[in-house]
Amino acid sequence: MTNLIQLQQVSKIYESDAGQFSALKNINLQIGTGEFVAIIGRSGSGKSTLLNVLTGIDQPSHGSVRVQQQMIHQMNESQLASWRGRTMGIVFQFFQLIPTLTIAENLALAMDFVNVIPKAKRGQRIHQLLQQVGIEKQANKFPASLSGGEQQRAAIARAMANKPDVIVADEPTGNLDSQTAESIMQLFKDLVDQGKTVLVVTHEQASLKHFHRVIRLHDGEIQDAASAPEPVTAVQQEAC
Amino acid sequence: MNMRLKKALSDIRFYPGRFTLVMLALIIGSWGVGSVLVSYFVLSQDLSANFVNTKPPHAMFISADFKPADLSRLRQNPAIESAEFRDYGIYRIEVKPDEWVPLRLYGATEFEQQSLAYFYEQQGQFHPNKGAMVIERNGLLISDIEIGKPVNIRVGNRSMRIPVEGVIFDPAQPPATQDHFIFAYVDQTTFQQITGEAINQRLILRYRQAQNDADIQKQTDALKSQFMLEGKTIRVSKALQPNSHPHQWQLDSLILMLGSICLLASLMAAILVSQLMNSILAKQIRQIAVLKAVGAKQSHILQIYLLMLLLLGCITALIAVPLAVFSGYGISYGVSMALNFDVLSTSLPWWIYSVLIIFSVGLPIILSLPAIVKASRVCIKAGLDDYGLVQTQAKPMQEIPWANRFSPQFLFALRNTLRQRKRVVVTLLTMALGVAIFSTGFNVRQSLFVMLQQTKASMLYDVKVVLQNSINDSQLRNLFTDLENIRHTETWSGGQGVIQSEMNSAGRGVGITALPFDTQLQASIMLGGRWLSGSSDNELMMNTWAWKAYEKPDIGSMLSITLQGQAHQFKLVGVIEEFDTAKFFIDQSRYQQLANPQAKVNSILFAAKQNDYDAIVKLQQQIEQRVARSDLSVLSVESQAQRVKVIYDHLDIILVSLVMFALLVLIVSALGMASAMGINIMERSREIGVLRAMGATPRKIRSVFVSEALIIAVLSISLGLLIAWPLSASASSFFGNLILGGTPLPFAFSSNGFVITFFTTLGFAWIASYFPAGSATKISTKEALAYE
């Protein structure tokens with residue numbers, strides 16, 4: 001398994017009126033292709049910051065971030081946008097679908113920005129993706145008319161739109177009931193089975209069993225990075 | 001469809017109310033600017049074209065010594081393009097039973113083969129038969145004259161009935177509706193028969209090469225010298241202005257004024273668009289972050305919002321441009337009717353359409369661009385962390401000393417008003433500007449009325465009789481000695497109006513009024529210097545137009561004035577305000593000594609003992625009866641009220657347009673307020689849910705929003721009235737320059753305008769808040785709480 005993502009000595013310091021705050025402290029992390037990784041930790045432990053640094057949404061204060069052999073912390077905003085669109089699929093906790101567009105149009109817009117999928121094949125791919133996440137019948141509906149679970153499936157389909165190698169999800173089941181959350185986790189697992197690398201920030205105890213690896217953050221430091229399922233129990237007890 | 005375009009379209013569909021309001025404002029603004037632009041193009045081109053196409057004469061000479069052979073010789077002169085004898089005289093015509101106005105009668109030699117001063121066939125006979133006449137079409141609007149029926153005319157002491165055989169169109173003449181003259185045309189034989197005057201006395205001609213006014217004057221002087229060398233006595237020699245219609249000033253002032261107002265309306269509408277874009281962008285900041293997270297570059301975000309504006313602009317242009325063309329032509333037809341000319345332009349050049357599209361599409365984009373660029377630059381993280389309204393750092397209510405004087409509901413509205421300060425400032429300024437323009441419209445109108453009142457107050461006579469020629473003072477007075485209702489009588493040489501200027505002129509187009517220095521019948525406002533003193537010195541007063549014509553000389557300076565062909569030195573002692581053509585005022589006794597040794601006069605003015613309407617009408621009828629029985633050649637018998645009406649008719653078109661277009665600005669600002677209130681309500685949907693959960697009824701919630709709008713309206717009115725003050729003063733100055741020849745109009749505050757502005761603004765504010773608030777309260781509490 002090759003290293004898809006490499007973080008070396010990554011720190012993130014925020015300046016505020018109250019003084020400096022270190023959200024990440026000397027993080028060293030490697031994630032391989034096809035891994036299914038959970039990032040857990042208490043609120044304020046640096047999970048979202050780590051995800052932001054990994055996706056190029058935020059820049060590290062120190063250290064390097066390498067994804068697919070590319071030093072993303074050296075890219076400018078425009079390069080990052082293109083790279084992110086091609087490489088990363090991001091799923092948000094509150095789905096963040098564009099409310100004024102239908103589900104199919106939400107996917108099409110993401111494809112339009114990145115322009116990886118040829119125009120002629122976009123319709124077919126949208127249909128295929130929606131079928132894959134099980135909401136093909138909702139293609140022409142607006143987000144507001146879908147249930148939370150359906151919206152999150154749509155968000156995953158959108159994240160997959162440009163065939164990224166990495167899917168990153170920030171609390172994707174935080175807003176869903178347990179049954180729906182389980183089906184969403186299954187969806188991520190299916191993606192991993194298809195060769196995608198999936199990173200998920202989660203609080204859900206029950207879902208940890210799905211992951212290959214669980215990274216536990218505490219005060220901006222990786223406290224534990226163990227393979228599932230054995231360490232998960234320990235993690236579950238302490239972190240969640 | 002392009003997805004970015006689809007996103008832009010879907011956003012427009014998502015905020016239909018707000019986009020409709022803003023688009024309406026944009027349409028009104030663009031429509032206004034477009035209408036003025038189109039009408040300006042058509043009118044400025046066509047008024048001039050109508051006038052110039054008639055080939056107006058460059059010069060006019062009057063001499064009893066002209067012979068037909070002179071005309072043939074002139075026509076062979078290579079410096080002369082065309083020449084014609086067109087005799088002319090001013091008489092009287094009965095336009096309605098017992099209502100007489102001056103008749104300006106031309107005896108034309110050419111009807112079918114005109115070579116200059118063209119007039120055109122309109123209706124009925126073009127070339128009248130002997131003993132008949134044709135009248136200028138605008139005269140029909142002020143008279144009961146009908147083709148085929150005879151009219152009464154008076155020439156001197158003779159009355160006659162002359163059949164009207166047709167209607168012609170002479171675009172070079174000022175409109176009868178404003179000047180209250182009738183223009184009529186007869187052939188030379190009929191002219192001689194009607195007037196009893198010799199023909200071939202008035203020569204008009206055009207020079208082949210005439211670059212400018214100075215050139216025309218030079219050639220006219222040279223020709224006059226030539227005529228005099230030939231032994232001819234030239235009674236009148238006049239260089240004319242062949243490039244400017246007599247009423248061009250009205251058109252210029254109208255267009256400039258309307259253009260400024262509409263430009264402002266368009267700018268305000270564009271500000272509204274930028275305000276709406278700001279609010280949409282603030283609301284969509286997380287969406288922008290998400291779009292960036294899924295791969296959108298800054299340029300993609302820019303494209304989406306620019307497309308949105310482009311769509312808005314295109315829809316606006318699609319509606320506003322045809323409307324503007326339609327109404328622009330409408331205005332042109334209206335003005336052309338008022339000024340008596342024909343609209344000739346049937347197509348508009350491409351640049352007009354380009355300017356209209358730039359206004360509809362470009363202006364909103366330019367004003368919204370900073371907000372779009374700023375939003376497109378937002379970092380994903382900052383965007384995702386944005387939760388909408390920022391809490392203001394305002395003082396708690398209990399710390400405001402006067403807070404307990406108001407109800408909590410009012411205080412809530414007051415605090416909410418100040419919540420989005422930037423938006424409130426924009427709304428307030430937009431609304432204040434609307435109020436200011438609207439109020440300025442009324443104030444300028446009031447200034448014009450005050451000027452009219454002052455003009456009326458300066459004319460202390462009640463009825464005036466003007467003769468075609470000068471006669472002995474006693475001869476004129478004797479005719480009216482036993483009239484009962486007469487308090488005071490004066491006889492003057494020259495007087496008010498165009499005709500008097502033509503009869504008694506000092507050159508440079510300036511008329512002379514020789515009146516007793518201690519006159520009791522004129523009390524004009526002195527703008528500088530003093531009234532005539534009656535001393536043995538040559539003293540002169542002038543009105544503002546004359547002052548301008550003589551390049552604004554200092555009071556006390558000596559001027560060389562030509563009286564009856566002889567130059568005299570006069571000391572300028574005063575300048576008066578007067579709505580009239582350029583005039584000099586000289587003490588009658590000095591004038592008699594210098595240029596009128598026989599002490600002849602041509603007008604008599606009466607002040608009545610009783611000057612209520614009925615008494616004056618009766619007096620005027622008595623005077624008319626005396627005139628009819630006399631052998632006097634009377635030009636007009638005019639009451640002071642009729643004279644004021646002539647002045648008012650000149651200004652009416654401006655007065656009406658001013659208020660109409662100012663209302664347009666107020667509507668745009670009201671739409672701005674509606675849009676701002678809509679945005680406020682949209683942003684506070686969740687708050688509405690909370691209020692309802694707390695037990696507020698829809699009525700109470702609505703009253704909070706209406707109170708907010710009324711607070712803004714009252715602040716806007718106060719600010720608007722403050723802005724209106726200097727604006728009105730500037731506008732009055734501008735109009736004064738156009739109407740009074742450089743003197744500002746008196747500044748006047750219109751109390752009626754204030755009341756109308758106050759209640760109209762409050763009414764607009766109420767409508768702008770009541771209905772959006774009403775729709776917001778229709779959302780269920782659950783939906784409102786869930787609103788993100």
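Biologist: How many residues does the largest nonpolar core have, and which have the most contacts inside it?

Modeller: Some ground rules come before the answer. This is a predicted model, where local features need pLDDT of at least 70, side-chain atom pairs count only at pLDDT 80 or more, and totals for chains, interfaces and linings use all residues. Residues are numbered from 1 along each chain as its sequence is written, while chains are lettered from A and ligands numbered from 1 in the order in which they are written.

Modeller: A nonpolar core is a set of buried Ala, Val, Leu, Ile, Met, Phe, Trp, Tyr and Cys residues joined through C-beta atoms within 7 Å. Buried means 20 or more other C-beta atoms within 10 Å of a residue's own; exposed means 12 or fewer; partly exposed is in between; C-beta atoms are placed from the backbone. Here the largest core has 208 residues, and Ile261(B), Val665(B) and Met673(B) have the most contacts inside it. Helix α7 (residues 248-283) of chain B gives the largest share, 19 residues.

Biologist: What does Val665(B) touch, leaving out residues up to four places away in sequence?

Modeller: Contact means C-beta atoms, placed from the backbone, within 7 Å. By that test Val665(B) touches Ile261(B), Leu264(B), Ala265(B), Met268(B), Gly434(B), Ile437(B) and Phe438(B). There is also a second, separate core of 76 residues, with Trp492(B) and Tyr106(B) among them.

Biologist: Now helices. How far does α6 of chain A reach?

Modeller: Helices (H or I, at least four residues) and strands (E, at least two) are DSSP runs, numbered from the N terminus. Expected span is 1.5 Å times one less than the number of residues. α6(A), residues 178-193, has 16 residues and reaches 22 Å from first C-alpha to last, close to the expected 22 Å.

Biologist: Which residues of α6(A) are buried?

Modeller: Ala181(A), Ile184(A), Met185(A), Leu187(A), Phe188(A) and Leu191(A). They sit on the same side of α6(A), because their arc is only 150 degrees around the axis. That arc is taken from the directions from the helix axis to the C-beta atoms. The face turned away carries exposed Ser178(A), Gln179(A), Gln186(A) and Asp193(A). Cover for the buried residues includes β3 (36-41) and α5 (148-160) of chain A.

Biologist: And in chain B, which residues of α6(B) are buried?

Modeller: Ile216(B), Gln219(B), Thr220(B) and Leu223(B). They fall within an arc of 105 degrees seen down the axis, so they line one face of α6(B). Ala214(B), Ala222(B), Ser225(B) and Leu229(B) are exposed on the other side.

Technical notes. Two residues are in contact if their C-beta atoms, placed from the backbone, lie within 7 Å.
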